[in-house]
Structures are given as C-alpha cells and as structure tokens.
Amino acid sequence: MKDHLFLSSCAVFLVLFLPETSLAHGHYSDQHWYQPREQHILYAAEDTEPLTSLVIDTFQNPTHNDLGFWHGAGENLNMHYEPGSVRLFPTDTDQNFHTQFETNGCFSLLPWQHQFLHVEFVGTDQFTVSLNEHNVDCNPRRAPFPGVPDSVQASRYVMRSGYGRSDHDGGDHEDGDQSPAAPPKTELFIPLSHFRINHNRVMSVSFTGFYTNEPITLHRVEIVSNIPPPNVENDYFRVPEKLPTGELILRCSRPNSFAFGIDDGSPRFAQEVMRILDEENVHVTFFAVGAGLRDTTTNLTQFYREMLKKGHQVALHSNTHPKMEALPTVDEIDDEIIPAQRTLKERLGIESSYFRPPFGTVGARMRQQIAKYIPNAYIVNWSVDVEDWLWANSPTPEKQLEAFYRGVARGGNLAVMHFLNPTTVGYLPQFIRHVKDAGFKIMRVDQCMEDPNSPPLS
Ligand SMILES: *[C@@H]1O[C@H](CO)[C@@H](O)[C@H](O)[C@H]1NC(C)=O
Ligand SMILES: *[C@@H]1O[C@H](CO)[C@@H](O)[C@H](O)[C@H]1NC(C)=O
Ligand SMILES: [Zn+2]
C-alpha cells in the first residue's frame, strides 16, 4: 500500500495520509436492532441438567467446525492446527479467525438469546470477540459482506479457574499469576445480549482486533445456558457490564440515498474536488485528520471551512491516522479521539458524532472509547470502495471505476474514497453520474442516516 507523506513547515512531525485498506466489507444498517432485555444470569446449580447448549467449534478439523461449516483465517493470519485446537499468530490487528454458523446464509441465534458465548483458550487475552451479522439478503454476493459486527473486549470477560487450591502450585494467586506447572484454564463467558446485532441473521463468531503479537490457542467455542457461580475457585468471576460500542454503519438507511465519505486528502486536489461537487450540485461528507488540519502549510482548514459553508459535512477521522485498535493502551486510543475533537472545534467550530476509523480498522476497545467520548457516535465504514489505495497509482487506474460500479451493483450505498491522486479525483464526476443515473439521491452521511440533527435535504 502506498503512503502519502508531507512535512509540516517546521519538519518536526510527519503527517501520514494513508488511504484506508479495504476488502470491501460492509454493513447494512438495519433499523430493527435486537433489543437486549434486562440481563438475567443463570448460574449453574449442582443438581440441574444444563439447558440446550450449542457446540460451535472444538477444532477437530482444519477446514470446518463442529456444525459442519467453514472456519478459517482472514488477512493472512498465520495459524497452526492440531486436533482439538488452533493456534493463532497475529501480526496485525485486522487479522481475524472466523467460525461460521451457516455455509453462507443466515442463522438465527434467537433460541439462545439469553445464553452465553463460552470460549476456552490459552494465551493472551488482548483481542476482540465479534458476533457478525449477515447482510439483509443473507447473500455473500451482496454488499456489504459480512454485515455489521458487534464486539467485546476479551480481557473484560475472562474467567480463570484454579484459584484457592492448596495443591495448585503453592504460589500466591491474588494477582492472577499463572503457574507453568498447572496453568489456570482461561475461559470467556459473554452474554449473547452483549452483541448488539440482529440475532435473527447471524453469520459467524470471529476473533480479531489483536493488540499483541503473542499467540492465542483456541480450544472450544460454544453457547452455554449458564455460567459457573462466583466462588473462590474462579476468583469470584462475574460477568461485566456491557460497554456501549457506538453504532457501526456500512450502509445508508434512507431509501434511495447514496453518500460519499471522502477521507484525508491532499491540498493539491482540494480546489478541483470543490469545483466538481459544485458543478454536480451534490453534498458529501469529509472525514478530516486532526493533525492535517493543524498543519498550516496545507490550507486544509480554509478548504474545510469553505466546504462547511457550502453545506457539506465535515467529520472526525482520528488525530494522526493509526490503526487505532492496534494501539497498546486505551490512553493512546483516547489521544486519537480527544485532540481530533478539539481540533475540529477550534479550527472549524464544529462538533461531530461521525467518526471514520483510519483504514476501516474496528475493534472493541476503540469502539468503546469512541462511544465514551462521542455522544451518539456513528462509526462510519462503507459498502462501496473505490479501491484508490490499490489502483490509483497502478498501470490500470480505471479499475477504480470498476470497483465503484461493482460495489453499487451489489447494493452498496456508502462509499469511501480519498482525494490523494489525480486519477481518483478525475473519476469523481463519473462516480457521481453513475449513482445519479441509477436513480439515487446523493447526500451527506448524516442525511443518508436520517439523523434528526442533519440539515434538511436540498
Ligand atoms: C470496515 O471496512 C474495512 C475495509 O473494508 C474492513 O476490513 C473491515 O472489516 C470493516 N469493519 C467492519 C467492522 O465491518
Ligand atoms: C485555500 O483554500 C481556500 C478555500 O478553499 C481557497 O479560497 C484558496 O484559494 C486556497 N489557497 C491555496 C493556496 O490553495
Ligand atoms: Zn484515512
């Protein structure tokens, strides 16, 4: 992937303008969210039979799980199978391991909605567990595919057992030390209600959002009806509260709407983008990096001010454009949110609840922090990818047009592009006309999400 760098006037810091990498995953923003009920937890009583459980994966087979459906890795995640386990060797936060409920269709988890996802594993707990919704058509050839996930931070749900046993290893276990002789079993118990997706249309469970390079060995993934009661043995484990994760959107909800989310950008092409949007008489959403706005050599502040005056939306795109979920600490994640908010406020006089994650990288911790600092946060991914990051500087830049048309044909209506290359900017009028000819109305992301705070359609 190519980089776009330029130096600020004092040459002290580099602002990286990296286009989002993309595999064109997206999400259909369904209005019928599964509404979690009051959490009621069933603790196992010694003399009761377990209610129905569902064993999803015990890793007996390298290509399919216990339900008979595919499991495997994405984004070149290295893994190693042994009968009964798979070991993951993450090197990038976007890598993932999926285990599916269905070949490529939708599976209803409603019968299990009050139960728990139970995972047995060994190794680091620095990752995200996601439950992934399918798209509305339950069709892998429609965009977005997969649909929207909701995510939890594994470390918050960890239950370790083997505490308080005198024969354990004689050590002090108050601090959770693990004995090499008898490593405590690590388990996750996650209420399915903590995944705020449509439980009638589930596709897979996935392990992703790694913020470590330490390996993780998965042994068992299942749904169980109850959890062990808190006791000395499990260090009085209790299920934590669900932390809000913001609404992740990959698709516009308003019928016949289409939105362009335009990220980053080189000041060289700003005036041309403005001219095209004026000529085509459409409004878009710009996602602006805080550091780029503060860099006085770029003229981007003036540009975005003028775009705001013309009725476009300007929204958040982090402070320095890292893969936020990969950052080791929550403080570093906060440093990508709070200064970006401050910069938009100080330079442009706006507050935005729309946040596009750099590279489309999404995980539980960054979603939690975004939800914490941004009221009514929308985390804006996409369902149409121009793939400028892949083709703009290649011998076949016209593949950007093909990628755009393909996304639209598959039902995508929320696009990602950048203004970093003459070829991409050159195709912008064609993108716009294609969408207009298909009968869509082009508008800002907040308008296409039917946000009551968005300006009326012009
Ligand atoms: C967001 O988009 C990126 C790029 O297409 C994709 O890799 C990622 O899976 C998407 N995230 C979600 C949560 O859909
Ligand atoms: C900076 O942006 C403003 C607003 O778009 C524009 O009027 C001005 O010509 C730009 N200046 C340069 C040097 O590009
Ligand atoms: Zn970006």
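Me: What makes E306 a polar contact of ligand 2?

Reply: In this predicted model, a polar side-chain atom of E306 lies 2.7 Å from an oxygen atom of ligand 2. A polar contact needs a pair of N or O atoms within 3.5 Å, so the pair qualifies.

Me: Which distances put N299 and Q271 in that class?

Reply: For N299 the distance from a polar side-chain atom to an oxygen atom of ligand 2 is 2.6 Å. For Q271, an N or O atom of the side chain is 3.1 Å from an oxygen atom of ligand 2. The cut-off is 3.5 Å, therefore both are polar contacts. The protein buries 48% of the 360 Å² that ligand 2 exposes when taken alone.

Me: Which elements give two or more residues to the shell around ligand 2?

Reply: Helix 1 and helix 3 (300–309) do. Helix 3 gives the most, three residues. The shell consists of Q271, M274, N299, Q302, F303 and E306, and it divides into two nonpolar, three polar and one charged.

Me: Why are strand 17 and strand 18 called paired?

Reply: Pairing takes at least two bridges, and four join strand 17 to strand 18 (residues 313–316), so they pair. The two run parallel, with F287 opposite A315.

Me: How do you know that strand 16 pairs with strand 17?

Reply: Three bridges join them, and at least two are required, so strand 16 (residues 257–263) and strand 17 pair. They run parallel, and G261 stands opposite T285. The chain passes from strand 16 through helix 1 (residues 267–280) to strand 17 in a right-handed β-α-β crossover.

Me: What makes both faces of strand 17 covered?

Reply: T285 and F287 on one side are buried, as are F286 and A288 on the other.

Conventions:
Residues are numbered from 1 along each chain as its sequence is written. Chains are lettered from A and ligands numbered from 1 in the order in which they are written. This is a predicted model: local features need pLDDT of at least 70, side-chain atom pairs count only at pLDDT 80 or more; totals for chains, interfaces and linings use all residues. Side-chain values use heavy atoms; hydrogens and water are left out. Buried means under 20% relative accessible area, exposed over 50%, partly exposed in between (1.4 Å probe, protein chains only). A crossover is right-handed if, with the strands pointing away from the viewer, the path from the first strand over the helix to the second runs clockwise. A residue is near a molecule or strand if one of its heavy atoms lies within 4 Å of it. A polar contact is a pair of N or O atoms within 3.5 Å; within protein, one must be able to donate a hydrogen and the other to accept it, and residues adjacent in sequence count only if both atoms are side-chain atoms. Accessible areas come from the Shrake-Rupley method with a 1.4 Å probe; for residues, only the protein chains shown count as cover. Ala, Val, Leu, Ile, Met, Phe, Trp, Tyr, Cys and Pro count as nonpolar, Asp, Glu, Lys and Arg as charged, and the others, Gly among them, as polar.
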